[in-house]
Amino acid sequence: MSQVKENDTVRVHYTGKLSNGQVFDSSLEREPLEITLGQGMLIPGFEKGVIDMKVNEKKTVNIPAEEAYGDVQKELFHEVKKDQLPQEMTPEVGMGLASKNPDGSEVQFRVAEVHDEHIVIDANHPLAGQDLTFELELVEIK
């Protein structure tokens, strides 16, 4: 029976959990994830977990933060004066924001702190700094 190797295109069902057991994402209620390995589209620990799996195999992989979304980077926190925000906006901690770069691409932020004159935004991935667990099931090797 063949096993997954680098550069294979695979279909995988997964359930991602935080270290406290809370599910943050799952493909079980939709189509499996289809991805070509080795293209940098997945977190490194997820790709490593899929390598060598066989069709219909199930396993659980524990992924440390450095092989997931990395550590929280302090340099990705920035102060923004409230007068730079849209007037109708009432910022709240945890609120998602987006900004367009000059090239038209979009950057996602979260409001980390709200103060009288400014807010602090966080451009880290929401799962940065967290160890993750994935339950994997290999559905197909294409």
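Contact here means heavy atoms within 4.5 Å. The model on screen is predicted, so local features need pLDDT of at least 70 and side-chain atom pairs count only at pLDDT 80 or more, while totals for chains, interfaces and linings use all residues. Residues are numbered from 1 along each chain as its sequence is written, and side-chain values use heavy atoms, with hydrogens and water left out.

**Stop 1: the core**

Select Phe 46. Not counting residues up to four places away in sequence, Phe 46 touches Val 12, Tyr 14, Leu 33, Ile 63, Phe 134 and Leu 136. Phe 46, Val 50, Phe 134 and Leu 136 have the most contacts inside the largest nonpolar core, which has 20 residues. A nonpolar core is a set of buried Ala, Val, Leu, Ile, Met, Phe, Trp, Tyr and Cys residues joined through side-chain atoms within 4.5 Å. Buried stands for under 20% relative accessible area, exposed for over 50%, and partly exposed for values in between (1.4 Å probe, protein chains only).

Now colour strand 1 (9–18), helix 1 (44–50), strand 4 (58–63) and strand 9 (132–141), the elements that give two or more residues to this core. Helices (H or I, at least four residues) and strands (E, at least two) are DSSP runs, numbered from the N terminus. Another core, of seven residues, lies apart from the largest one; among its members are Val 80, Leu 85, Phe 109 and Val 111.

**Stop 2: the pocket**

Select Tyr 14, Phe 24, Asp 25, Leu 33, Met 41, Leu 42, Ile 43, Phe 46, Tyr 69 and Phe 134, which line the largest pocket. On a 1 Å grid over the protein atoms alone, a pocket is an open set of points with protein on both sides within 12 Å along at least five of seven lines, and lining residues have an atom within 4 Å of a point. About 170 Å³ of space lies in this pocket. How many nonpolar, polar and charged residues are in the lining? There are nine nonpolar, no polar and one charged.

**Stop 3: salt bridges**

A salt bridge is a side-chain nitrogen of Lys or Arg within 4 Å of a carboxyl oxygen of Asp or Glu. By this rule the count comes to ten.

Select Glu 140 and Arg 11, whose closest N and O atoms are 3.1 Å apart in a salt bridge. This pair links distant parts of the chain, with Glu 140 in strand 9 and Arg 11 in strand 1, 129 residues apart. Glu 140 is partly exposed at 31% relative accessibility, whereas Arg 11 is buried at 18%.

Move to Arg 110 and Asp 122, a salt bridge with its closest N and O atoms 3.0 Å apart. Arg 110 lies in strand 7 (residues 106–114) and Asp 122 in strand 8 (residues 118–122), so the bridge ties together parts that are twelve residues apart in sequence. Asp 122 is buried, at 5% relative accessibility. To finish this stop, select Arg 11, Glu 31, Glu 34, Glu 140 and Lys 142, which salt bridges with shared partners join into one network.

**Stop 4**

Go to the loop between helix 1 and strand 4, and select Asp 52. Asp 52 is not a glycine, yet has a positive phi of about 75 degrees. Asn 56 lies in the loop between helix 1 and strand 4 and has a positive phi of about 75 degrees, although it is not a glycine. Asp 52 is partly exposed at 47% relative accessibility, while Asn 56 is exposed at 57%.

Notes
1 Å grid on protein atoms, 1.4 Å probe; cavity = no way out; pocket = protein on both sides within 12 Å on 5 of 7 lines; lining within 4 Å. Points joined across faces, edges and corners; volume = space filled by probe spheres on them. Nonpolar A, V, L, I, M, F, W, Y, C, P; charged D, E, K, R; others polar.
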